[in-house]
Amino acid sequence: MSILLRGKTYHLRRRVPRRYETVEPRKTVWISLHTDSEAVTLLQNGEHLR
């Protein structure tokens, strides 16, 4: 799992769980964090992992 800035918005990149490999051809998916603030991104990621 990693956080990357794509354009002006931060995104979380996650691996697709094995149980969904048969219906999702991608190995990883991008999830938008809907923010351009690095501080907010770090707070959201901390909450996401809990």
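Guide: Welcome! This is a predicted model, so local features need pLDDT of at least 70 and side-chain atom pairs count only at pLDDT 80 or more, while totals for chains, interfaces and linings use all residues. Residues are numbered from 1 along each chain as its sequence is written, and side-chain values use heavy atoms, with hydrogens and water left out.

Visitor: What makes up the secondary structure of the protein?

Guide: There are one helix and three strands, in the pattern β-β-β-α along the sequence. Helices (H or I, at least four residues) and strands (E, at least two) are DSSP runs, numbered from the N terminus. Along its principal axes, the C-alpha trace spans about 35 × 25 × 15 Å.

Visitor: What do S1 and S2 form, and how many residues lie between them?

Guide: They form a hairpin, with two residues between the strands. In the turn, Gly7 has a positive phi of about 70°.

Visitor: What links S2 to S3?

Guide: Five bridges again, and the two strands run antiparallel. One of the facing pairs is His11 with Ser32 in S3.

Visitor: Why are S1 and S3 said to stand at the edges?

Guide: The three strands form an open sheet in the order S1-S2-S3, with antiparallel pairing. S1 and S3 each have a single partner strand, so one side of each is left without a neighbour in the sheet. The twist averages 35° from one strand to the next, where axes are lines fitted to C-alpha atoms (for helices over the stretch in contact) and angles run from 0 to 180 degrees between N-to-C directions.

Visitor: Why is His11 called buried?

Guide: Buried means under 20% relative accessible area, exposed over 50%, and partly exposed in between (1.4 Å probe, protein chains only). His11, in strand S2, has 13% relative accessibility and therefore counts as buried. Buried residues make up 18% of the 50 residues in the protein.

Visitor: Which residues is His11 in contact with, leaving aside its neighbours within four places in sequence?

Guide: Contact means heavy atoms within 4.5 Å. By that rule His11 touches Ser2, Ile3, Leu4, Arg6, Trp30, Ile31, Ser32 and Leu33. The His11 side chain also reaches the backbone oxygen of Thr9 at 3.1 Å. A polar contact is a pair of N or O atoms within 3.5 Å; within protein, one must be able to donate a hydrogen and the other to accept it, and residues adjacent in sequence count only if both atoms are side-chain atoms.

Visitor: Why is Ser32 classed as it is, and where is it found?

Guide: Ser32 is found in strand S3 (residues 28–32). Its relative accessibility is 25%, so Ser32 counts as partly exposed. Leaving aside neighbours within four places in sequence, Ser32 is in contact with Thr9, Tyr10 and His11. Ser32 and Thr9 are 23 residues apart in sequence, and 7.3 Å apart in space, C-alpha to C-alpha. A polar atom of the Ser32 side chain lies 3.1 Å from the backbone nitrogen of His34.

Visitor: What makes Glu24 and Arg26 a salt bridge?

Guide: The term asks for a side-chain nitrogen of Lys or Arg within 4 Å of a carboxyl oxygen of Asp or Glu. In Glu24 and Arg26 the closest N and O atoms are 2.8 Å apart, so the pair qualifies. The structure holds one salt bridge. Glu24, at 21% relative accessibility, counts as partly exposed, and Arg26, at 46%, counts as partly exposed too.

Note on methods. Two strands pair if DSSP finds at least two bridges between them.
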